[in-house]
Structures are given as C-alpha cells and as structure tokens.
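Okay, thanks for coming, everyone. Let me put the structure up, and then I'll walk through some side-chain contacts.

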Amino acid sequence: MLGEVMSEFMDFLKHKFAYVAQGEFKPGKFDEAEQLFAKAVATYNQGFQGSYLLQEPGTDKGIAVLLWEGIADMEANKNAECEEILKQMSHLFVQAPTTKFYEVCSEVRAA
C-alpha cells in the first residue's frame, strides 16, 4: 500500500517536457502545413502526451507544442514515416523554424 502511494506521488512529481517549434510558413501554406503536422503527430505513441498547433491570427506564423513524458520519448518515436512527412513540410517554411525543449513546471486544468 505504501509503495503504491509513493509511486503515485513520484509520478505526480514527474514533469512533462514540451518540444516547441516556432516558425513562419510561406503565404497561404499554413493549411497544408497543418494537415502534414496532424499526419506526423499521428505516428507518435509511447510517451507522447499531446500537441497543439497555434496560429497567429491573420498571418502564416505559428507555434507547434508537442508534449512528452520525457525528452528520450521524442527520440524513441522517430520513424521513417514521420521523417518523410516532416521532409514534405520543410519546403513550406519561409526559413527553418526555431526549436527548443522546455520542462513543464506547472499545469493548471479547468475545473
């Protein structure tokens, strides 16, 4: 019993990681990129916690946020299908997006 409680508590303390890519697509290419993003994300499984694709209103600028249990999970999910999809997406950018990893330190959900 105590072991289960401690395990649940330790899981509670584990932080997710967010992979964040920020970039701008060529004019009129955001919709195509959004479709490719959804296809790429659909190939992820173990450790994948969800994703968001944000668009600055009235522009082709966007931010992709992918949530992972750990940084290693993203590496473990690399696959040929996803790499091909990302390759198809690359020509849609004005320039290569900037990317960073962040530790999710706080998460607040609506009641």
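This is a predicted model: local features need pLDDT of at least 70, side-chain atom pairs count only at pLDDT 80 or more; totals for chains, interfaces and linings use all residues.

**Salt bridges and ring pairs**

So, start with Lys16: Lys16 makes a salt bridge with Glu107, with the closest N and O atoms 3.2 Å apart. The cut-off there is a side-chain nitrogen of Lys or Arg within 4 Å of a carboxyl oxygen of Asp or Glu. Residues are numbered from 1 along each chain as its sequence is written, and side-chain values use heavy atoms, with hydrogens and water left out.

Back to that bridge. Lys16 sits in the loop between helix H1 (2-13) and strand E1 (17-24), and Glu107 is in the segment after strand E4 (98-103), so the pair ties together parts that are 91 residues apart in sequence. Helices and strands here are DSSP runs, numbered from the N terminus (H or I, at least four residues, for helices; E, at least two, for strands).

Buried or exposed, what is Lys16? Lys16 is buried, at 19% relative accessible area, whereas Glu107 is partly exposed at 46%. For those labels, buried is under 20% relative accessible area, exposed is over 50%, and partly exposed is in between (1.4 Å probe, protein chains only).

Glu107 also forms a salt bridge with Arg109, closest N and O atoms 2.9 Å apart. Arg109 is exposed, at 64%. Put together, Lys16, Glu107 and Arg109 are linked in a network of salt bridges.

The whole structure has four salt bridges. Another one of them joins Lys78 and Glu75, at 3.5 Å from N to O. Both ends are partly exposed: Lys78 at 48% and Glu75 at 49%.

Okay, rings. Phe, Tyr and Trp rings (for Trp, the six-membered one) pair if their centres lie within 6.5 Å; planes under 30 degrees apart are stacked, over 60 edge-to-face, and the rest tilted. That rule gives six aromatic pairs. One of them is Phe25 with Phe30, edge-to-face, at 5.5 Å centre to centre and 85° between the planes. Phe25 is buried at 7%, and Phe30 is buried at 4%.

Then there's Tyr44 and Trp68: centres 5.0 Å apart, planes at 65°, so that pair is edge-to-face. Tyr44 is in the loop between helix H2 (30-41) and strand E2 (48-55), and Trp68 is in strand E3 (residues 61-68), so the pair ties together parts 24 residues apart in sequence. Tyr44 and Trp68 are both buried.

Last one: Phe25, Phe30 and Phe93 form one aromatic cluster.
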